[in-house]
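Please read the following account alongside the sequence and the coordinates.

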Amino acid sequence: MNNIALGRYLPLNTIINKMDPRSKILILLVMMITVFLPAGFIGYVPILIFIATALYFSKLKLTYALRALKPMIWMFIFLLVINVLVMRTGTLLISWGWFKVYSDAFSQTAYIIIRLTLMIILCTVLTATTKPLDLTLGIEKLLKPFEKIGLPAHVIAMMISIALRFIPTLIDETNRIMNAQASRGVDLENGTMTEKIRAVLSLIVPLFVSAFDRADQLADAMEARGYDPSATRTRYKVLKMTNVDYFAMAFALVVFATDLVLCWI
Amino acid sequence: MEAIELEHLSFSYDGQTDVLKDISLTIPKGSYTAIVGHNGSGKSTLAKLIIGLLEPKSGTIKVLGQTLTDHNLKAVRDHVGIVFQNPDNQFIGSTVADDIAFGLENHCVPTKDMQRIIEESAAKVSMSDYLNAEPTNLSGGQKQRVAIAGILAMSPEIIIFDESTSMLDPQGKASVNEQIRKLNEAKNITILSITHDMEEAAQASNVVVLDQGTIAAIGTPADVFQNDALMSRLRLDLPFGLKAAKAFQAHGIEIDAVMNNAQLVEALCQLK
């Protein structure tokens with residue numbers, strides 16, 4: 001229950017950990033767009049250079065970043081099968097009666113796999129080097145300009161940070177309820193499908209009841225401490241960009257520009 | 001001017017049965033008042049009414065001379081802090097420092113002053129070493145001390161404790177009770193403590209006993225706890241010191257009716 005892969009923060013105290021979350025989020029956005037530019041396989045070289053630099057400075061192991069890919073292997077195989085059956089462009093490789101395999105089936109699958117892999121590595125670097133709360137603060141500051149058109153940036157950030165804050169509390173609660181129900185004879189592991197669903201219900205209903213109860217008490221506590229979502233608030237944590245941030249953003253833009261040029265050649 | 005004045009206060013959750021019936025109560029500034037009573041006697045409801053989380057059915061609530069209305073609610077809350085029962089459900093920030101900062105942020109304290117206030121408040125509850133700790137790594141007692149620090153940061157005049165120690169282990173209970181007494185003595189903060197813990201009630205300057213929405217008794221701990229008829233009617237537990245003293249008296253040993261363990265030890269040492 002404790003190894004939920006939420007992109008865990010690793011307190012490694014590297015140069016990338018200390019970067020401003022705003023610049024890290026912006027860089028991720030730019031790199032995501034770059035990954036999806038149709039620049040051919042050569043276009044991934046600048047991105048790989050960028051990722052290698054990011055991994056080097058964040059002291060993350062490539063295997064750590066790739067771990068998140070494991071559950072996706074079946075999806076990749078499925079994609080390949082579909083592409084082999086459907087793709088009708090490129091050079092004809094195999095032709096057994098009605099069964100024809102074209103080269104594009106493999107290149108298209110390769111594109112998708114490479115893109116997803118790159119995206120996952122980029123996201124892992126972000127979440128592993130940025131505390132959830134800093135990430136929230138970064139999102140809030142980046143959404144600030146949209147407040148003029150009625151987007152409640154601060155409220156969104158507050159909701160995310162409270163949700164993150166309560167994940168461990170609710171995991172504890174789930175374990176407690178599981179033990180309580182198990183001691184009353186509920187079997188969560190064995191039995192037919194209907195029995196299992198019934199067993200899970202006995203877990204979910206009390207969990208929801210207690211979550212609502214907590215939400216109620218939390219709202220009281222927040223109100224008693226003077227919280228008003230519509231009022232202006234000062235902030236304890238202030239974000240500040242340094243030269244590292246500017247350099248990293250420039251690097252990302254260079255990679256983006258290179259791939260954009262590669263699209264035209 | 002009194003800290004809290006309640007006049008003919010009634011409250012009902014469903015509009016039919018009154019949880020609080022015509023309560024009138026005055027809590028002087030700088031006093032330490034404990035409210036005791038069984039579950040469902042209306043203790044916690046009273047706390048929520050004073051801080052304006054609930055609206056009374058009838059009667060008035062005056063906090064520091066101001067009658068509570070929708071308009072001055074926020075202004076009044078600047079002076080009143082409340083520590084609730086469940087340590088987890090009032091921890092809003094992701095770290096101790098963030099949680100203490102939450103109230104400061106709401107009150108628009110300038111960012112440059114925050115770090116100093118946070119450090120001072122954490123020091124007052126001996127949590128200075130835990131400023132970057134996350135709530136999952138803290139004990140219940142530590143979380144409640146952080147909650148107190150969050151309130152102290154806003155330098156309130158009144159602090160309400162709503163069964164703040166009932167979910168803590170004995171050690172956490174003792175540390176929070178010690179904290180409450182220190183605040184009352186050193187900083188002259190008015191304390192209103194709603195509690196099941198008779199040891200804690202015994203350290204208060206005043207005790208109010210609530211029974212089924214009405215005030216059953218009010219007075220010093222000595223007055224209230226030595227009212228044998230009342231105590232046995234409401235089946236309230238006595239503080240250990242008093243229980244022991246009564247047991248000694250029953251055996252013909254002459255000893256003063258003491259309220260807490262320290263007094264008991266002293267009285268026993270002076271026995272001839």
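Predicted model: local features only at pLDDT ≥ 70, side-chain atom pairs only at ≥ 80, totals over all residues.

Residues are numbered from 1 along each chain as its sequence is written, chains are lettered from A and ligands numbered from 1 in the order in which they are written, and side-chain values use heavy atoms, with hydrogens and water left out.

Chain B is assigned two domains, domain 1 (4-236) and domain 2 (239-272); such bounds come from an automatic or database domain assignment. Taken over C-alpha atoms, the centres of these domains of chain B lie 30 Å apart. Where they meet, eight residues of domain 1 are in contact with seven of domain 2 (contact means heavy atoms within 4.5 Å). About 610 Å² is buried between the two domains, 62% of it on carbon and sulfur atoms; buried area is the accessible area (1.4 Å probe) that two parts lose on being put together, summed over both.

One salt bridge is counted between the domains of chain B, a salt bridge being a side-chain nitrogen of Lys or Arg within 4 Å of a carboxyl oxygen of Asp or Glu. Asp228(B) and Lys246(B) form a salt bridge through their side chains, at 3.0 Å from N to O. On the side of domain 1 that touches domain 2, the elements giving two or more residues are α7 (198-202) and α8 (221-225) of chain B. Helices here are DSSP runs (H or I, at least four residues), as are strands (E, at least two), numbered from the N terminus.

The contact between the chains takes 37 residues from chain B and 26 from chain A. Together the chains bury about 2,700 Å², with 52% of this on carbon and sulfur atoms. Asn89(B), Ile92(B) and Glu105(B) supply 23% of the area that chain B buries against chain A, more than any other three residues.

Eight salt bridges are counted between chain B and chain A. In one salt bridge, Asp98(B) pairs with Lys237(A), the closest N and O atoms being 3.3 Å apart. On the side of chain B that touches chain A, at least two residues each come from α2 (73-77), β6 (80-83), α3 (96-106) and α4 (111-124) of chain B. The most come from α3(B), which gives 10 residues to that side.
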